Amino acid sequence: MDPQSMCASSAATACASTTSRRSFLLRSVAVGAAGTGLLAMPATAATLADPSVSSGDVAILRLLSALEIIEADLWQQYNELGGIQDHEVPGGSGNKPYTEALQVLDEEMDQYIHDNTDDEYSHFRFLNAYLAASGADPVDLDKFRTLPSSKATGAAQVGRLTNLMQLTVDTTWWTRYRAARKNPDFGDTFPPAIPDLAKGQFPAIPRSDDDLAPDKHLQAIANTAGFHFGTIEQGGTSIYMQLAQRVRNPEVLRVLLSIGPTEAMHFQIWHDTAGNAPPLTDPTNGLTFPDLNAKPFGGERYETSLIMPEPTSFLTRQLPACSVVRPTETRGAAMAAVSSLVASNLFAGQSESFFSFMRDLARSADAA
Ligand SMILES: [Fe+2]
Ligand SMILES: [Fe+2]
């Protein structure tokens, strides 16, 4: 809804006073954030709800905040072992063999992992603070931080929300973004780039130092991570586009339209780097990374240099092909996002109360 029609739907004076009250509120939050930290949010944040942020907008923001907390949790684990540990992303101490195996995909992998992790923290901290500033409840998943950490050198020993040690990774985004006619929004389906990753359960981080050898086993773990990065960030790209279509407040729309493309920036990097994953078979479990540039792969569907989105059918097959994010269908998008994370085994070991909490958030967002 545009600002005019929002104001037309209520008294103009009420709209104006809402805006100034909201500005005041955001200013007080900013002061709180600069001073004693976001937890010292002024009490007014909880009491001065902005009525122009509808309950549907709140539901969408809360689902996104939860997804960002989950992203931060998984990226944190990658950073502790394979990224750069510094004051921006503290917690781990690095695992040299794993870091080097990741760097086979790109020399700068440790930097990219660090920056992606830093971004995810900023996303959920902002969304939670924004929710609070709008008089809504921020999302707190701390009680679900129950899953074990990797025992490999470099990982902190703390409770986790996500499990990166037995993933089933959907790599169909690889062929989906190369398809010239097909779009998942029409129900089209796509073959995975790495068929084995869709069939079994594989670690994307070393579970212990026993996973650091033999070389091809460790490289298979790094390759799995390299594809998982793309899987996560293409999902992030779509969910912001999907939910943006349902928000009502122009400022909430601005929030979604400003965060969403950073997920796409991440995705583009991971799409490029995954193509450098060396073809190999893990001698310990048979997991095979095929040569995507050779038969029976290769060509338009698989070639590793084709990382820009191929123009495809969009909205209707009658219109000309267009280079777009896909999927962007909004109906049921929140539940689909949560379901695909669950299907990837990312939450292996989580309690039933965690799954029902996430499903409730998705259901509310989809009802917005
Ligand atoms: Fe994010
Ligand atoms: Fe992300």
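How many helices and strands are there in the protein? There are 12 helices and two strands, where helices (H or I, at least four residues) and strands (E, at least two) are DSSP runs numbered from the N terminus. This is a predicted model, in which local features need pLDDT of at least 70, side-chain atom pairs count only at pLDDT 80 or more, and totals for chains, interfaces and linings use all residues. Residues are numbered from 1 along each chain as its sequence is written, while chains are lettered from A and ligands numbered from 1 in the order in which they are written.

**The whole chain**

Display the protein as a cartoon and follow it from the N terminus: the elements run α-α-α-α-α-α-α-α-α-α-β-β-α-α. Of the 368 residues, 44% are buried; a residue is buried if 20 or more other C-beta atoms lie within 10 Å of its own, exposed if 12 or fewer, and partly exposed in between, with C-beta atoms placed from the backbone. Among contacts with a separation of 6 or more, 72% join residues 24 or more positions apart. Two residues are in contact if their C-beta atoms, placed from the backbone, lie within 7 Å.

Select residues 55-82, which form helix α4. This helix of 28 residues reaches 40 Å from its first C-alpha to its last, close to the 40 Å expected at 1.5 Å a residue; the expected span is 1.5 Å times one less than the number of residues. Because 26 of its 28 residues are buried, α4 is largely enclosed by the rest of the structure.

Axes are lines fitted to C-alpha atoms, for helices over the stretch in contact, and angles run from 0 to 180 degrees between N-to-C directions. Show A59, I60, R62, L63 and A66 in α4, which meet M358, L361, A362, S364 and A365 in α12. By class, this contact has eight nonpolar, one polar and one charged residues; Ala, Val, Leu, Ile, Met, Phe, Trp, Tyr, Cys and Pro count as nonpolar, Asp, Glu, Lys and Arg as charged, and the others, Gly among them, as polar.

**Helices α5 and α9**

Next select residues 96-103 (α5) and 215-244 (α9), which pack at an angle of about 60° with their axes 9 Å apart. P97, Y98, A101 and L102 of α5 make the contact with L218, Q219, I221, A222 and A225 of α9. These residues divide into eight nonpolar, one polar and no charged.

**Helix α10 and H271**

Move to residues 250-274, helix α10, which has 25 residues. Its buried residues, including V255, F267 and W270, pack against α4, α6 (109-133) and α9.

Now centre on H271, which lies in α10. H271 counts as buried because it has 23 C-beta neighbours inside 10 Å. Leaving aside residues up to four places away in sequence, H271 touches G230 and I307. The C-alpha atoms of H271 and S305 are separated by 9.7 Å, although the two are 34 residues apart along the chain.

**Last stop: C322**

Is C322 buried or partly exposed? Select this residue in the loop between β2 (288-289) and α11 (333-343). C322 is partly exposed, with 13 other C-beta atoms within 10 Å. Beyond four places in sequence, C322 touches P311 and F314; from C322 to P311 the C-alpha distance is 4.4 Å.
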